[in-house]
Amino acid sequence: CSQEETAGLIAELAHVEERKNAAITVPVEVHGHWQQVLQFYLSIPNISYVTALNLCHRFSSVKEVANSSVDELASRGKVSHRRAEEIYRYLHYVFDRQMVPDHLGLHNRKQNV
């Protein structure tokens with residue numbers, strides 16, 4: 001496979017993912033305390049890296065995610081309703097706010113990502 005063929009294949013795969021509404025539409029890196037927030041989201045069972053990135057970039061804090069409805073998690077987190085229910089259940093039945101340090105964003109975020 002030539003470099004041009006490989007590039008074409010990657011471009012086509014990206015278009016397919018976009019049509020399936022599965023494209024990565026947020027920056028793929030996080031900085032500062034958001035790296036720890038990302039790791040927290042990745043500790044939630046069955047959360048993909050892309051879902052964790054969406055939660056980081058589409059919610060202002062862990063508290064906002066924890067206080068969100070299933071529909072809001074699905075919409076803003078770009079996940080299925082079933083996956084949003086799983087996240088909601090995990091956060092509401094396992095999540096203990098006192099276990100997460102304040103610097104991870106339990107209070108309103110003061111800096112933009």
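Reader: In what order do the elements of the protein run from the N terminus on?

Author: This is a predicted model, where local features need pLDDT of at least 70, side-chain atom pairs count only at pLDDT 80 or more, and totals for chains, interfaces and linings use all residues. Residues are numbered from 1 along each chain as its sequence is written, and side-chain values use heavy atoms, with hydrogens and water left out. Helices (H or I, at least four residues) and strands (E, at least two) are DSSP runs, numbered from the N terminus. The protein has 6 helices and 0 strands, and the order is α-α-α-α-α-α.

Reader: What percentage of the residues of the protein count as buried?

Author: Buried means under 20% relative accessible area, exposed over 50%, partly exposed in between (1.4 Å probe, protein chains only). The protein has 113 residues. The buried share is 32%.

Reader: At what angle do helix α2 and helix α3 pack?

Author: Helix α2 covers residues 34–42 and helix α3 residues 49–58, with axes 9 Å apart. Axes are lines fitted to C-alpha atoms, for helices over the stretch in contact, and angles run from 0 to 180 degrees between N-to-C directions. The pair is oblique, a class left over once angles under 35 degrees (roughly parallel), over 145 (roughly antiparallel) and 65 to 115 (roughly perpendicular) are taken out. The angle is about 130°.

Reader: How many residues of the contact of α2 with α3 are nonpolar?

Author: Contact means heavy atoms within 4.5 Å. W34, V37, L38, Y41 and L42 of α2 meet Y49, A52, L53, L55 and C56 of α3. Ala, Val, Leu, Ile, Met, Phe, Trp, Tyr, Cys and Pro count as nonpolar, Asp, Glu, Lys and Arg as charged, and the others, Gly among them, as polar. None is polar or charged, and the nonpolar count is 10.

Reader: Is V62 buried or exposed?

Author: V62 is found in helix α4, residues 62–66. V62 has 2% relative accessibility, so V62 counts as buried.

Reader: Which residues in α6 meet α5?

Author: Helix α5 (residues 70–77) and helix α6 (residues 81–93) pack at about 120°, axes 8 Å apart. The contact holds 6 nonpolar, 1 polar and 2 charged residues. From α5 come V70, D71, L73 and A74. Their partners in α6 are H81, A84, E85, I87 and Y88.
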